[in-house]
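Here is a short report for a reader new to this structure. Please look over the sequence and the model first.

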Amino acid sequence: MSEMASLDAAWIDAAITSARPQAVAALLRYFRDLETAEEAFQDACLRALKAWPKNGPPRDPTAWLILVGRNAALDGVRKQSRSAPLPAEELISDLDDAETALAERLDGDHYRDDVLRLLFICCHPDLPATQQVAVALRIVSGLSVRQIARAFLVGESAMEQRITRAKARIGAGDVPFGAPDPTERARRLSAVSSMIYLVFNEGYSAGGAEVKARGSLCEEAIRLARLLLRLFPGEPEVMGLTALLLLQHARADARFDDQGEVVPLEEQDRGLWNRRMIAEGQALIDKAVRHRRPGPYLVQAAIAAEHGRAERAADTDWRRIDLLYGDLEQLAPSPVVTLNRAVAVSKTAGPEAALALIEPLAPKLSGYFYFFGLKGGLLQQLGRAAEARQAFDQAISLANSAAEAAHIRQRLDQLAREGG
Amino acid sequence: MLYALLCYDSEDVIGAWSADQERAVLARLGLVERALAEDGRLAGAARLLPSTTAVTLCKARESLVIDGPFAETKEQLLGFFLVECDGLEAAIEVARRLAVANPGRGAYEIRPVEAFKPGVLGRAVGSDAA
(Lines give C-alpha, C1' and ligand atoms only; values in the text may rest on other atoms or scores of the structure.)
Protein backbone atom coordinates (compact mmCIF):
# COMPACT_ATOMS: atom_id res chain seq x y z
CA MET A 1 0.00 0.00 0.00
CA SER A 2 2.79 2.42 0.87
CA GLU A 3 4.41 1.60 -2.45
CA MET A 4 1.15 2.45 -4.21
CA ALA A 5 1.09 5.78 -2.36
CA SER A 6 4.54 6.76 -3.56
CA LEU A 7 3.71 5.70 -7.11
CA ASP A 8 0.58 7.80 -6.84
CA ALA A 9 2.76 10.83 -6.12
CA ALA A 10 4.54 10.25 -9.42
CA TRP A 11 1.19 9.86 -11.13
CA ILE A 12 -0.15 13.08 -9.58
CA ASP A 13 2.96 14.89 -10.79
CA ALA A 14 2.53 13.63 -14.35
CA ALA A 15 -1.22 14.31 -14.30
CA ILE A 16 -0.72 17.91 -13.18
CA THR A 17 2.06 18.52 -15.69
CA SER A 18 0.03 17.12 -18.55
CA ALA A 19 -3.14 19.00 -17.53
CA ARG A 20 -1.39 22.34 -17.26
CA PRO A 21 -1.71 23.70 -20.83
CA GLN A 22 -5.40 22.85 -21.11
CA ALA A 23 -6.24 23.99 -17.58
CA VAL A 24 -4.39 27.32 -17.70
CA ALA A 25 -5.83 27.94 -21.17
CA ALA A 26 -9.41 27.39 -19.98
CA LEU A 27 -8.85 29.53 -16.87
CA LEU A 28 -7.42 32.26 -19.08
CA ARG A 29 -10.58 32.26 -21.16
CA TYR A 30 -12.64 32.42 -18.00
CA PHE A 31 -10.73 35.21 -16.21
CA ARG A 32 -9.24 36.94 -19.26
CA ASP A 33 -6.15 37.66 -17.21
CA LEU A 34 -2.99 35.60 -17.33
CA GLU A 35 -1.89 36.31 -13.77
CA THR A 36 -5.25 35.29 -12.31
CA ALA A 37 -5.36 32.18 -14.49
CA GLU A 38 -1.89 31.06 -13.37
CA GLU A 39 -2.65 31.71 -9.70
CA ALA A 40 -5.95 29.85 -9.96
CA PHE A 41 -4.16 26.86 -11.48
CA GLN A 42 -1.48 26.98 -8.79
CA ASP A 43 -4.18 27.01 -6.14
CA ALA A 44 -5.95 24.06 -7.76
CA CYS A 45 -2.69 22.07 -7.81
CA LEU A 46 -2.14 22.63 -4.09
CA ARG A 47 -5.65 21.39 -3.41
CA ALA A 48 -5.13 18.42 -5.71
CA LEU A 49 -2.02 17.39 -3.76
CA LYS A 50 -4.17 17.28 -0.63
CA ALA A 51 -7.41 15.92 -2.05
CA TRP A 52 -6.29 13.29 -4.57
CA PRO A 53 -4.28 11.01 -2.25
CA LYS A 54 -7.21 11.09 0.19
CA ASN A 55 -10.25 10.89 -2.12
CA GLY A 56 -8.61 9.05 -4.96
CA PRO A 57 -7.73 10.63 -8.31
CA PRO A 58 -10.59 12.27 -10.19
CA ARG A 59 -11.90 10.74 -13.39
CA ASP A 60 -10.81 13.75 -15.39
CA PRO A 61 -7.90 15.53 -13.69
CA THR A 62 -7.92 18.43 -16.17
CA ALA A 63 -11.60 19.20 -15.62
CA TRP A 64 -11.08 18.90 -11.85
CA LEU A 65 -8.19 21.38 -11.88
CA ILE A 66 -10.13 23.85 -14.02
CA LEU A 67 -13.22 23.70 -11.86
CA VAL A 68 -11.38 23.89 -8.55
CA GLY A 69 -9.07 26.60 -9.87
CA ARG A 70 -12.01 28.63 -11.05
CA ASN A 71 -13.82 28.29 -7.74
CA ALA A 72 -10.70 29.08 -5.77
CA ALA A 73 -10.12 32.27 -7.72
CA LEU A 74 -13.78 33.25 -7.36
CA ASP A 75 -13.53 32.59 -3.63
CA GLY A 76 -10.51 34.85 -3.52
CA VAL A 77 -12.55 37.61 -5.13
CA ARG A 78 -15.41 37.01 -2.71
CA LYS A 79 -13.10 36.99 0.29
CA GLN A 80 -11.69 40.31 -0.77
CA SER A 81 -15.17 41.77 -0.93
CA ARG A 82 -15.97 40.16 2.45
CA SER A 83 -19.10 38.52 1.16
CA ALA A 84 -20.05 34.85 1.12
CA PRO A 85 -18.10 32.31 3.26
CA LEU A 86 -16.08 29.57 1.59
CA PRO A 87 -17.80 26.31 0.66
CA ALA A 88 -14.50 24.81 -0.44
CA GLU A 89 -14.34 21.40 1.23
CA GLU A 90 -17.65 20.01 -0.02
CA LEU A 91 -16.75 21.21 -3.45
CA ILE A 92 -13.56 19.24 -3.45
CA SER A 93 -15.09 16.07 -2.08
CA ASP A 94 -18.07 15.94 -4.41
CA LEU A 95 -17.14 17.08 -7.85
CA ASP A 96 -18.32 14.30 -10.06
CA ASP A 97 -21.44 15.88 -11.52
CA ALA A 98 -19.90 19.27 -12.06
CA GLU A 99 -16.85 17.58 -13.52
CA THR A 100 -18.87 15.72 -16.12
CA ALA A 101 -20.67 18.85 -17.23
CA LEU A 102 -17.43 20.76 -17.54
CA ALA A 103 -15.64 17.94 -19.30
CA GLU A 104 -18.33 17.96 -21.95
CA ARG A 105 -17.94 21.66 -22.45
CA LEU A 106 -14.20 21.23 -22.68
CA ASP A 107 -14.36 19.01 -25.71
CA GLY A 108 -14.43 20.25 -29.22
CA ASP A 109 -13.31 23.42 -30.89
CA HIS A 110 -13.69 25.69 -27.91
CA TYR A 111 -11.07 23.83 -25.97
CA ARG A 112 -8.80 23.56 -28.97
CA ASP A 113 -8.84 27.32 -29.47
CA ASP A 114 -8.18 27.86 -25.75
CA VAL A 115 -4.87 26.04 -25.91
CA LEU A 116 -3.97 27.64 -29.22
CA ARG A 117 -4.66 31.07 -27.70
CA LEU A 118 -2.47 30.34 -24.69
CA LEU A 119 0.38 29.28 -26.96
CA PHE A 120 -0.26 32.18 -29.28
CA ILE A 121 -0.01 34.92 -26.66
CA CYS A 122 3.53 33.71 -25.95
CA CYS A 123 4.38 34.57 -29.58
CA HIS A 124 3.76 38.29 -29.00
CA PRO A 125 5.47 40.06 -31.91
CA ASP A 126 7.12 42.61 -29.58
CA LEU A 127 8.93 39.85 -27.72
CA PRO A 128 12.35 38.72 -28.95
CA ALA A 129 12.52 35.03 -29.79
CA THR A 130 14.33 33.92 -26.63
CA GLN A 131 11.74 35.68 -24.48
CA GLN A 132 8.92 34.00 -26.34
CA VAL A 133 10.56 30.71 -25.54
CA ALA A 134 11.11 31.59 -21.87
CA VAL A 135 7.52 32.74 -21.42
CA ALA A 136 6.11 29.65 -23.12
CA LEU A 137 8.20 27.40 -20.91
CA ARG A 138 6.99 29.24 -17.82
CA ILE A 139 3.31 29.61 -18.71
CA VAL A 140 2.52 26.64 -20.91
CA SER A 141 4.98 23.99 -19.75
CA GLY A 142 5.08 25.19 -16.15
CA LEU A 143 8.86 24.94 -15.79
CA SER A 144 10.17 26.79 -12.76
CA VAL A 145 12.11 30.02 -13.25
CA ARG A 146 15.16 28.21 -11.91
CA GLN A 147 14.83 25.43 -14.51
CA ILE A 148 14.45 27.98 -17.30
CA ALA A 149 17.36 30.08 -16.02
CA ARG A 150 19.55 26.99 -15.99
CA ALA A 151 18.50 26.11 -19.54
CA PHE A 152 19.38 29.61 -20.75
CA LEU A 153 22.59 29.71 -18.70
CA VAL A 154 21.64 32.93 -16.92
CA GLY A 155 21.05 33.74 -13.26
CA GLU A 156 17.71 33.06 -11.68
CA SER A 157 16.94 36.69 -10.82
CA ALA A 158 17.84 37.85 -14.33
CA MET A 159 15.47 35.26 -15.77
CA GLU A 160 12.77 36.18 -13.26
CA GLN A 161 13.00 39.80 -14.43
CA ARG A 162 12.96 38.83 -18.07
CA ILE A 163 9.83 36.74 -17.65
CA THR A 164 8.07 39.35 -15.54
CA ARG A 165 8.77 42.00 -18.14
CA ALA A 166 7.64 39.76 -20.99
CA LYS A 167 4.43 38.89 -19.15
CA ALA A 168 3.76 42.58 -18.57
CA ARG A 169 4.10 43.14 -22.32
CA ILE A 170 1.65 40.33 -22.97
CA GLY A 171 -0.76 41.67 -20.35
CA ALA A 172 -0.64 45.17 -21.83
CA GLY A 173 -1.42 43.93 -25.32
CA ASP A 174 -4.78 42.82 -26.62
CA VAL A 175 -5.25 39.15 -25.91
CA PRO A 176 -7.47 37.87 -28.72
CA PHE A 177 -10.44 36.28 -26.95
CA GLY A 178 -12.79 36.03 -29.89
CA ALA A 179 -13.08 32.67 -31.65
CA PRO A 180 -10.61 32.85 -34.54
CA ASP A 181 -11.83 32.46 -38.13
CA PRO A 182 -9.98 29.91 -40.30
CA THR A 183 -7.47 32.47 -41.61
CA GLU A 184 -6.70 33.75 -38.14
CA ARG A 185 -6.46 30.19 -36.84
CA ALA A 186 -3.95 29.34 -39.57
CA ARG A 187 -1.93 32.43 -38.71
CA ARG A 188 -1.85 31.49 -35.04
CA LEU A 189 -0.92 27.90 -35.86
CA SER A 190 2.00 29.07 -37.92
CA ALA A 191 3.27 31.47 -35.21
CA VAL A 192 2.89 28.80 -32.55
CA SER A 193 4.68 26.21 -34.70
CA SER A 194 7.69 28.53 -35.09
CA MET A 195 7.71 29.17 -31.35
CA ILE A 196 7.74 25.43 -30.62
CA TYR A 197 10.57 25.03 -33.11
CA LEU A 198 12.46 27.78 -31.25
CA VAL A 199 12.00 25.95 -27.95
CA PHE A 200 13.45 22.86 -29.60
CA ASN A 201 16.38 24.76 -31.09
CA GLU A 202 17.29 26.26 -27.72
CA GLY A 203 17.84 22.72 -26.55
CA TYR A 204 19.25 21.33 -29.78
CA SER A 205 21.89 24.02 -30.31
CA ALA A 206 23.39 23.39 -26.88
CA GLY A 207 26.80 21.78 -26.83
CA GLY A 208 29.18 20.09 -24.42
CA ALA A 209 28.39 20.62 -20.76
CA GLU A 210 25.23 22.53 -21.63
CA VAL A 211 23.60 19.48 -23.17
CA LYS A 212 22.35 18.09 -19.89
CA ALA A 213 20.79 21.35 -18.76
CA ARG A 214 19.24 22.23 -22.09
CA GLY A 215 18.37 18.87 -23.58
CA SER A 216 15.09 18.84 -21.66
CA LEU A 217 13.96 21.76 -23.81
CA CYS A 218 13.89 19.38 -26.78
CA GLU A 219 11.60 17.02 -24.92
CA GLU A 220 9.42 19.91 -23.85
CA ALA A 221 9.13 21.07 -27.46
CA ILE A 222 8.13 17.56 -28.57
CA ARG A 223 5.46 17.49 -25.87
CA LEU A 224 4.09 20.83 -27.10
CA ALA A 225 4.17 19.66 -30.72
CA ARG A 226 2.27 16.49 -29.83
CA LEU A 227 -0.27 18.59 -27.93
CA LEU A 228 -0.75 20.79 -30.99
CA LEU A 229 -1.08 17.72 -33.19
CA ARG A 230 -3.78 16.22 -30.99
CA LEU A 231 -5.68 19.51 -31.22
CA PHE A 232 -5.21 19.77 -34.99
CA PRO A 233 -4.98 16.16 -36.14
CA GLY A 234 -5.49 16.97 -39.82
CA GLU A 235 -2.78 19.64 -40.27
CA PRO A 236 0.09 18.23 -42.33
CA GLU A 237 2.53 20.93 -41.19
CA VAL A 238 1.87 20.11 -37.54
CA MET A 239 2.57 16.46 -38.40
CA GLY A 240 5.71 17.65 -40.19
CA LEU A 241 6.85 19.75 -37.24
CA THR A 242 6.33 16.93 -34.76
CA ALA A 243 8.11 14.48 -37.06
CA LEU A 244 11.02 16.88 -37.57
CA LEU A 245 11.55 17.34 -33.83
CA LEU A 246 11.30 13.60 -33.16
CA LEU A 247 13.71 12.69 -35.96
CA GLN A 248 16.28 15.25 -34.85
CA HIS A 249 15.97 14.39 -31.18
CA ALA A 250 16.31 10.68 -32.00
CA ARG A 251 20.02 11.36 -32.57
CA ALA A 252 20.55 13.13 -29.22
CA ASP A 253 22.59 10.35 -27.58
CA ALA A 254 24.96 10.11 -30.56
CA ARG A 255 25.59 13.80 -31.23
CA PHE A 256 28.32 14.33 -28.62
CA ASP A 257 31.17 12.14 -27.46
CA ASP A 258 32.24 11.55 -23.85
CA GLN A 259 34.30 14.74 -23.88
CA GLY A 260 31.28 16.73 -25.03
CA GLU A 261 32.71 17.20 -28.54
CA VAL A 262 30.41 17.29 -31.56
CA VAL A 263 30.22 14.02 -33.48
CA PRO A 264 29.25 14.80 -37.10
CA LEU A 265 26.29 12.92 -38.54
CA GLU A 266 28.44 10.65 -40.67
CA GLU A 267 30.57 9.52 -37.74
CA GLN A 268 27.73 8.98 -35.27
CA ASP A 269 27.13 5.56 -33.77
CA ARG A 270 23.76 4.84 -35.34
CA GLY A 271 23.10 2.17 -32.75
CA LEU A 272 22.58 5.03 -30.29
CA TRP A 273 19.78 6.55 -32.36
CA ASN A 274 16.35 6.22 -30.81
CA ARG A 275 14.50 3.85 -33.15
CA ARG A 276 11.11 4.48 -31.55
CA MET A 277 11.32 8.21 -32.23
CA ILE A 278 12.46 7.55 -35.79
CA ALA A 279 9.51 5.19 -36.33
CA GLU A 280 7.08 7.72 -34.91
CA GLY A 281 8.54 10.50 -37.06
CA GLN A 282 8.34 8.36 -40.17
CA ALA A 283 4.71 7.39 -39.40
CA LEU A 284 3.79 11.07 -39.15
CA ILE A 285 5.52 11.84 -42.45
CA ASP A 286 3.63 9.00 -44.16
CA LYS A 287 0.35 10.50 -42.93
CA ALA A 288 1.27 14.07 -43.87
CA VAL A 289 2.40 13.17 -47.39
CA ARG A 290 -1.12 11.93 -48.20
CA HIS A 291 -2.36 15.53 -47.94
CA ARG A 292 -0.23 16.50 -50.97
CA ARG A 293 0.46 19.98 -49.58
CA PRO A 294 4.08 19.71 -48.44
CA GLY A 295 5.26 22.60 -46.28
CA PRO A 296 8.72 23.48 -44.98
CA TYR A 297 8.47 21.42 -41.77
CA LEU A 298 7.36 18.32 -43.63
CA VAL A 299 10.17 18.59 -46.18
CA GLN A 300 12.75 19.10 -43.43
CA ALA A 301 11.31 16.10 -41.61
CA ALA A 302 11.58 14.05 -44.80
CA ILE A 303 15.27 15.01 -45.04
CA ALA A 304 15.87 14.00 -41.43
CA ALA A 305 14.03 10.73 -42.14
CA GLU A 306 16.37 9.97 -45.06
CA HIS A 307 19.27 10.07 -42.61
CA GLY A 308 17.28 8.05 -40.08
CA ARG A 309 16.62 5.35 -42.65
CA ALA A 310 20.25 4.81 -43.60
CA GLU A 311 21.77 2.06 -41.49
CA ARG A 312 25.28 3.24 -42.28
CA ALA A 313 26.38 6.71 -43.38
CA ALA A 314 27.39 5.20 -46.74
CA ASP A 315 23.77 4.07 -47.30
CA THR A 316 22.47 7.65 -47.28
CA ASP A 317 20.42 8.49 -50.37
CA TRP A 318 22.05 11.86 -51.10
CA ARG A 319 20.31 12.20 -54.46
CA ARG A 320 16.95 12.12 -52.72
CA ILE A 321 18.18 14.57 -50.06
CA ASP A 322 19.37 16.91 -52.82
CA LEU A 323 15.87 16.78 -54.37
CA LEU A 324 14.20 17.46 -51.02
CA TYR A 325 16.46 20.46 -50.40
CA GLY A 326 15.47 21.62 -53.88
CA ASP A 327 11.81 21.46 -52.75
CA LEU A 328 12.69 23.34 -49.60
CA GLU A 329 14.44 26.06 -51.62
CA GLN A 330 11.15 26.55 -53.49
CA LEU A 331 8.96 26.55 -50.35
CA ALA A 332 11.18 28.57 -48.04
CA PRO A 333 14.12 30.00 -49.96
CA SER A 334 17.07 30.94 -47.78
CA PRO A 335 20.85 30.91 -48.15
CA VAL A 336 21.06 28.43 -45.26
CA VAL A 337 18.85 25.97 -47.15
CA THR A 338 21.07 26.29 -50.22
CA LEU A 339 24.11 25.78 -47.99
CA ASN A 340 22.60 22.54 -46.72
CA ARG A 341 21.76 21.45 -50.22
CA ALA A 342 25.41 21.96 -51.10
CA VAL A 343 26.32 19.16 -48.69
CA ALA A 344 24.10 16.80 -50.68
CA VAL A 345 25.48 18.14 -53.96
CA SER A 346 29.04 17.51 -52.78
CA LYS A 347 28.10 13.83 -52.32
CA THR A 348 26.29 13.42 -55.63
CA ALA A 349 28.26 15.76 -57.92
CA GLY A 350 31.51 16.37 -56.04
CA PRO A 351 33.08 19.21 -54.06
CA GLU A 352 33.65 21.41 -57.12
CA ALA A 353 29.91 21.63 -57.88
CA ALA A 354 29.09 22.22 -54.21
CA LEU A 355 31.65 25.02 -53.97
CA ALA A 356 30.16 26.68 -57.04
CA LEU A 357 26.74 26.49 -55.36
CA ILE A 358 27.82 28.15 -52.13
CA GLU A 359 30.20 30.81 -53.45
CA PRO A 360 27.37 33.23 -54.38
CA LEU A 361 26.10 32.92 -50.78
CA ALA A 362 29.25 34.49 -49.30
CA PRO A 363 27.89 38.04 -48.89
CA LYS A 364 24.81 36.80 -47.05
CA LEU A 365 26.54 34.23 -44.87
CA SER A 366 29.72 36.12 -43.98
CA GLY A 367 28.88 35.80 -40.28
CA TYR A 368 27.76 32.18 -40.37
CA PHE A 369 29.86 29.45 -38.77
CA TYR A 370 28.56 26.60 -40.91
CA PHE A 371 29.25 28.44 -44.16
CA PHE A 372 32.97 28.61 -43.44
CA GLY A 373 32.98 25.12 -41.96
CA LEU A 374 31.53 23.65 -45.14
CA LYS A 375 33.62 25.85 -47.42
CA GLY A 376 36.79 24.76 -45.60
CA GLY A 377 35.79 21.13 -45.90
CA LEU A 378 35.11 21.40 -49.64
CA LEU A 379 38.39 23.22 -50.27
CA GLN A 380 40.19 20.57 -48.24
CA GLN A 381 38.67 17.84 -50.44
CA LEU A 382 39.86 19.75 -53.51
CA GLY A 383 43.39 19.90 -52.09
CA ARG A 384 43.36 23.70 -51.77
CA ALA A 385 44.91 23.62 -48.31
CA ALA A 386 45.78 27.30 -47.84
CA GLU A 387 42.27 28.48 -48.72
CA ALA A 388 40.79 25.71 -46.57
CA ARG A 389 42.86 26.83 -43.60
CA GLN A 390 41.66 30.39 -44.08
CA ALA A 391 38.02 29.28 -44.14
CA PHE A 392 38.47 27.10 -41.05
CA ASP A 393 40.08 30.00 -39.18
CA GLN A 394 37.07 32.13 -39.99
CA ALA A 395 34.75 29.35 -38.84
CA ILE A 396 36.50 29.16 -35.47
CA SER A 397 36.10 32.89 -34.97
CA LEU A 398 32.35 32.49 -35.59
CA ALA A 399 31.78 29.31 -33.56
CA ASN A 400 28.69 29.34 -31.36
CA SER A 401 30.08 26.96 -28.78
CA ALA A 402 33.36 25.54 -27.57
CA ALA A 403 32.35 22.17 -29.05
CA GLU A 404 31.96 23.68 -32.53
CA ALA A 405 35.33 25.41 -32.32
CA ALA A 406 37.00 22.20 -31.13
CA HIS A 407 35.55 20.31 -34.07
CA ILE A 408 37.03 22.78 -36.59
CA ARG A 409 40.38 22.66 -34.78
CA GLN A 410 40.39 18.92 -35.43
CA ARG A 411 39.89 19.63 -39.12
CA LEU A 412 42.82 22.09 -39.05
CA ASP A 413 45.00 19.44 -37.40
CA GLN A 414 43.99 16.99 -40.10
CA LEU A 415 44.85 19.57 -42.72
CA ALA A 416 48.27 20.10 -41.15
CA ARG A 417 48.91 16.33 -41.19
CA GLU A 418 47.84 16.07 -44.84
CA GLY A 419 50.19 18.89 -45.72
CA GLY A 420 53.03 16.86 -44.16
CA MET B 1 -8.75 -19.76 -22.96
CA LEU B 2 -6.83 -17.00 -24.65
CA TYR B 3 -7.53 -13.48 -23.40
CA ALA B 4 -6.68 -10.11 -24.85
CA LEU B 5 -5.68 -7.51 -22.26
CA LEU B 6 -6.11 -4.13 -23.91
CA CYS B 7 -4.17 -1.33 -22.19
CA TYR B 8 -5.78 2.08 -21.99
CA ASP B 9 -4.23 5.15 -20.41
CA SER B 10 -3.85 8.86 -21.03
CA GLU B 11 -1.11 9.57 -23.55
CA ASP B 12 -0.91 13.08 -22.08
CA VAL B 13 -0.03 11.75 -18.66
CA ILE B 14 2.37 9.13 -19.99
CA GLY B 15 3.98 11.78 -22.18
CA ALA B 16 4.76 13.76 -19.00
CA TRP B 17 6.72 10.87 -17.49
CA SER B 18 10.42 11.40 -16.95
CA ALA B 19 12.80 9.11 -18.82
CA ASP B 20 13.64 7.36 -15.52
CA GLN B 21 10.00 6.80 -14.72
CA GLU B 22 9.39 5.31 -18.15
CA ARG B 23 12.41 3.02 -17.87
CA ALA B 24 11.23 1.83 -14.46
CA VAL B 25 7.70 1.05 -15.69
CA LEU B 26 8.96 -0.76 -18.79
CA ALA B 27 11.37 -2.79 -16.66
CA ARG B 28 8.58 -3.85 -14.29
CA LEU B 29 6.25 -4.70 -17.21
CA GLY B 30 9.10 -6.67 -18.75
CA LEU B 31 9.30 -8.84 -15.64
CA VAL B 32 5.59 -9.70 -15.77
CA GLU B 33 5.87 -10.37 -19.49
CA ARG B 34 8.88 -12.65 -19.01
CA ALA B 35 7.17 -14.60 -16.25
CA LEU B 36 4.15 -15.17 -18.48
CA ALA B 37 6.40 -16.22 -21.33
CA GLU B 38 8.28 -18.67 -19.11
CA ASP B 39 4.95 -20.20 -18.06
CA GLY B 40 4.22 -20.66 -21.74
CA ARG B 41 1.16 -18.40 -21.54
CA LEU B 42 2.13 -15.34 -23.59
CA ALA B 43 0.85 -15.51 -27.16
CA GLY B 44 1.96 -11.99 -28.00
CA ALA B 45 2.33 -8.41 -26.83
CA ALA B 46 2.38 -5.12 -28.68
CA ARG B 47 3.07 -1.54 -27.76
CA LEU B 48 1.57 0.95 -30.20
CA LEU B 49 3.08 4.27 -31.27
CA PRO B 50 1.11 7.31 -30.04
CA SER B 51 -2.40 7.70 -31.41
CA THR B 52 -1.26 10.87 -33.17
CA THR B 53 0.44 8.56 -35.70
CA ALA B 54 -2.87 6.84 -36.50
CA VAL B 55 -5.10 7.26 -39.52
CA THR B 56 -8.58 5.75 -39.73
CA LEU B 57 -10.24 4.33 -42.79
CA CYS B 58 -14.03 4.77 -42.68
CA LYS B 59 -15.71 1.94 -44.56
CA ALA B 60 -19.04 3.61 -45.13
CA ARG B 61 -17.80 6.92 -46.45
CA GLU B 62 -16.23 5.69 -49.68
CA SER B 63 -13.15 4.45 -47.89
CA LEU B 64 -12.31 7.91 -46.64
CA VAL B 65 -9.03 8.03 -44.72
CA ILE B 66 -9.07 10.52 -41.86
CA ASP B 67 -6.24 11.56 -39.56
CA GLY B 68 -6.24 10.38 -35.99
CA PRO B 69 -7.50 7.40 -34.03
CA PHE B 70 -10.96 5.88 -34.49
CA ALA B 71 -12.34 7.40 -31.29
CA GLU B 72 -11.27 10.57 -29.50
CA THR B 73 -11.21 9.52 -25.88
CA LYS B 74 -9.59 10.70 -22.65
CA GLU B 75 -7.66 7.44 -22.52
CA GLN B 76 -6.10 5.89 -25.58
CA LEU B 77 -5.40 2.30 -26.60
CA LEU B 78 -1.66 2.00 -25.96
CA GLY B 79 -1.08 -1.68 -26.61
CA PHE B 80 -2.20 -5.17 -25.75
CA PHE B 81 -1.18 -8.55 -24.37
CA LEU B 82 -2.50 -11.92 -25.53
CA VAL B 83 -2.34 -14.33 -22.59
CA GLU B 84 -3.52 -17.91 -22.10
CA CYS B 85 -5.58 -17.93 -18.88
CA ASP B 86 -7.48 -20.55 -16.98
CA GLY B 87 -10.72 -18.56 -16.95
CA LEU B 88 -11.72 -14.98 -16.27
CA GLU B 89 -10.40 -14.83 -12.70
CA ALA B 90 -6.94 -15.80 -13.92
CA ALA B 91 -7.12 -13.15 -16.64
CA ILE B 92 -8.09 -10.51 -14.07
CA GLU B 93 -5.15 -11.68 -11.97
CA VAL B 94 -2.77 -11.05 -14.89
CA ALA B 95 -4.27 -7.61 -15.42
CA ARG B 96 -3.72 -6.89 -11.69
CA ARG B 97 -0.06 -7.81 -12.04
CA LEU B 98 0.26 -5.49 -15.02
CA ALA B 99 -1.51 -2.73 -13.07
CA VAL B 100 0.95 -3.04 -10.19
CA ALA B 101 3.83 -2.82 -12.66
CA ASN B 102 2.28 0.20 -14.35
CA PRO B 103 0.03 2.05 -11.91
CA GLY B 104 -2.02 5.06 -12.89
CA ARG B 105 -5.51 6.02 -13.84
CA GLY B 106 -5.84 3.90 -16.95
CA ALA B 107 -7.57 0.56 -17.38
CA TYR B 108 -7.13 -2.91 -18.81
CA GLU B 109 -10.02 -4.15 -20.90
CA ILE B 110 -10.13 -7.93 -20.65
CA ARG B 111 -11.65 -9.71 -23.65
CA PRO B 112 -11.76 -13.43 -24.35
CA VAL B 113 -10.28 -14.22 -27.76
CA GLU B 114 -12.57 -16.10 -30.12
CA ALA B 115 -9.91 -17.06 -32.62
CA PHE B 116 -6.20 -16.43 -32.84
CA LYS B 117 -3.78 -16.97 -35.71
CA PRO B 118 -0.15 -16.70 -34.66
CA GLY B 119 0.84 -15.33 -38.05
CA VAL B 120 3.99 -15.93 -40.02
CA LEU B 121 6.31 -13.08 -39.06
CA GLY B 122 8.14 -15.29 -36.58
CA ARG B 123 10.28 -12.48 -35.18
CA ALA B 124 9.96 -9.66 -32.71
CA VAL B 125 9.90 -6.05 -33.92
CA GLY B 126 10.70 -2.74 -32.29
CA SER B 127 12.68 -1.10 -29.54
CA ASP B 128 12.25 -3.78 -26.86
CA ALA B 129 12.13 -6.68 -29.30
CA ALA B 130 15.13 -8.34 -27.71
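The model is predicted.

**Helix 14 of chain A**

Helix 14 of chain A runs over residues 296-309. At 1.5 Å a residue, its 14 residues should span 20 Å, and its end C-alpha atoms are 20 Å apart, which agrees. Of these 14 residues, 11 are buried, so helix 14 of chain A is largely enclosed by the rest of the structure. Among the buried residues are A:Tyr297, A:Leu298, A:Gln300 and A:His307. The cover over the buried residues includes helix 10, helix 12, helix 13 and helix 15 of chain A.

**Helices 18 and 19 of chain A**

Helix 18 (residues 369-381) and helix 19 (residues 385-398) of chain A pack at about 160°, with their axes 8 Å apart. Angles over 145 degrees count as roughly antiparallel, so helix 18 of chain A is roughly antiparallel to helix 19 of chain A. Their crossing is left-handed. Helix 18 of chain A brings residues including A:Phe369, A:Phe372 and A:Leu379 to the contact. Helix 19 of chain A brings residues including A:Ala391, A:Phe392 and A:Leu398.

**Chains A and B**

The contact takes 24 residues from chain A and 19 residues from chain B. On the chain B side, helix 1 (11-15) and strand 4 (64-67) each supply at least two residues. Helix 1 of chain B gives the most, with 3 residues.

How values were computed. Residues are numbered from 1 along each chain as its sequence is written. Chains are lettered from A and ligands numbered from 1 in the order in which they are written. This is a predicted model: local features need pLDDT of at least 70, side-chain atom pairs count only at pLDDT 80 or more; totals for chains, interfaces and linings use all residues. Helices (H or I, at least four residues) and strands (E, at least two) are DSSP runs, numbered from the N terminus. The expected span of a helix is 1.5 Å times one less than its number of residues. A residue is buried if 20 or more other C-beta atoms lie within 10 Å of its own, exposed if 12 or fewer, and partly exposed in between; C-beta atoms are placed from the backbone. Two residues are in contact if their C-beta atoms, placed from the backbone, lie within 7 Å. Axes are lines fitted to C-alpha atoms, for helices over the stretch in contact, and angles run from 0 to 180 degrees between N-to-C directions. Angles under 35 degrees count as roughly parallel, over 145 as roughly antiparallel, 65 to 115 as roughly perpendicular and the rest as oblique. A crossing is left-handed if the near helix is turned anticlockwise from the far one by less than a right angle, and right-handed if clockwise.
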